[in-house]
Amino acid sequence: MMKRDHGGNVSEISRIYGIDEDKIIDFSANINPLGYPPGLKKTMIKEFDSVLNYPDIDSFELVSGLSEYHNIGQDYIIVGNGSTEFIYSIPLTFKPQKALIVTPAFSEYENGLRLAGTKVSYFQTDEKADFSPDIARLCKRLREGFDIVCFCNPANPTGVLTSKDELCRVIACAAKTGALAVIDEAFIDFVEEESVKKEILRFSNLIVLRSMTKFFGIPGLRIGYVIASAPCIAKIRKIKAPWTVNSLGQKVAAYAFSDRDYIRDTRQYVTNEREFLTAALNEIPGLKPYESAANYILVFMDSRIGLNSTELKDHLSWEGILIRDCSTFQGMGDRYFRVAVKKHEQNMILIEKLKWVAK
Ligand SMILES: Cc1ncc(COP(=O)(O)O)c(C=O)c1O
């Protein structure tokens with residue numbers, strides 16, 4: 001069973017290593033390096049008194065904003081307390097007996113499925129193919145008979161992007177074998193054109209998970225949503241706890257979509273810095289960065305690096321640098337770590353520290 005482990009534990013690391021929180025650079029959580037949209041704080045202050053009332057149970061304003069942003073009808077969208085709410089509620093809603101998770105993957109899929117009593121199997125992507133999933137092999141595997149398949153695109157932690165066409169093949173294979181296809185698009189905002197969101201009109205077995213955490217830089221507000229067929233949304237709504245999306249989150253998230261300059265700048269900044277960071281990592285002897293479509297990079301360490309990934313994480317933590325040790329991901333071993341793409345000056349610090357380790 002996958003271990004429960006996440007990046008972003010800044011306060012915990014501060015306590016354990018005795019480093020002030022503001023001295024820590026967190027490369028372990030993949031949050032927009034530009035932070036939240038510039039006008040968001042002002043909007044929040046303006047809307048503060050909304051906390052005096054219960055939040056809108058249906059997040060009407062936010063759903064309308066999302067509907068406009070994605071050009072998808074409101075009946076096809078439901079908002080929750082981060083996409084994690086749905087990672088847990090979808091198994092309870094659809095009660096799948098057998099699940100297939102394309103791995104390595106976010107550990108909460110498995111936790112949510114197991115809580116609902118689902119038997120979990122893995123479809124491990126091949127290290128030798130740079131973790132790019134073999135779609136024909138995956139379709140063949142689906143014919144064994146699963147009720148649900150979980151697939152993250154771009155994949156976390158590998159950064160691998162599967163094209164929309166290839167993913168549609170997977171969704172079609174799942175449909176044929178009677179499986180729901182849950183496609184986690186937590187990082188698709190960086191390559192929105194590859195989203196399968198519009199395919200919900202074609203595939204009634206498709207459930208798209210979306211998150212505002214990463215791209216919009218608001219992990220603490222907890223806003224995520226599902227895009228799926230209207231009957232699927234109605235089923236998910238039926239077992240949803242009320243008021244899980246707080247009123248300030250609803251107001252502020254609706255505002256975030258309206259800032260088109262921020263959205264454009266984020267894509268540009270992350271693309272430039274990802275290129276810089278990948279090239280710089282590549283120059284460090286013993287490190288092999290993987291190509292990524294998102295705001296993080298998976299890195300392999302060969303035997304020239306005298307530490308395993310857990311030791312490297314510990315070593316850098318003492319210096320206030322947090323990286324994601326990937327040994328807790330299914331089938332990854334102890335030679336991989338993942339780093340977020342951050343501000344240029346922070347990325348430079350990471351490179352300097354890693355150069356020193358590789359000496
Ligand atoms: C791939 C993936 N999906 C979903 C989530 C959950 O995001 P949220 O903050 O929307 O619950 C994460 C968070 O780390 C993630 O990495």
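**Reading the labels on a predicted model**

Mentor: In this predicted model, Asp-130 is partly exposed, with 15 other C-beta atoms within 10 Å.

Trainee: Why is Asp-130 called partly exposed?

Mentor: Set the count against the cut-offs. Buried needs 20 or more other C-beta atoms within 10 Å, and exposed needs 12 or fewer. Asp-130 has 15, so it falls in between.

Trainee: What makes Phe-131 buried or exposed?

Mentor: The count again. Phe-131 has 21 other C-beta atoms within 10 Å.

Trainee: Where is Asp-130 found?

Mentor: Asp-130 sits in the loop between strand E4 (119-124) and helix H6 (135-142). Phe-131 is also in the loop between E4 and H6.

Trainee: What is phi of Asp-130, and what is phi of Phe-131?

Mentor: Phi is near 55° for Asp-130 and near 65° for Phe-131. Each value is positive, in a residue other than glycine.

Trainee: Which residues make the contact?

Mentor: H10 contributes Glu-273, Phe-276, Leu-277 and Ala-280. H12 contributes His-344, Asn-347 and Ile-351. By class, the residues of this contact are four nonpolar, two polar and one charged.

Trainee: How do you know that the bond from Thr-103 to Pro-104 is cis?

Mentor: Look at omega. From Thr-103 to Pro-104, omega is near 0°, and the peptide bond is cis. Pro-104 lies in the loop between strand E3 (98-103) and helix H5 (108-115).

Trainee: What is omega between Asn-153 and Pro-154?

Mentor: About -10°, and that peptide bond is cis. Pro-154 is in the loop between strand E5 (148-152) and helix H7 (164-176).

Trainee: Last, the ligand. How many residues of each class are in the shell around the ligand?

Mentor: Four nonpolar, seven polar and one charged. Among the residues around the ligand are Phe-106, Cys-152, Asp-184, Ala-186 and Pro-219.

Methods: Residues numbered from 1 in each chain as written. Predicted model: local features only at pLDDT ≥ 70, side-chain atom pairs only at ≥ 80, totals over all residues. Near = placed C-beta within 6 Å. Nonpolar A, V, L, I, M, F, W, Y, C, P; charged D, E, K, R; others polar. Contact = placed C-beta atoms within 7 Å. Helix = DSSP H or I, 4+ residues; strand = E, 2+ residues; numbered from the N terminus.
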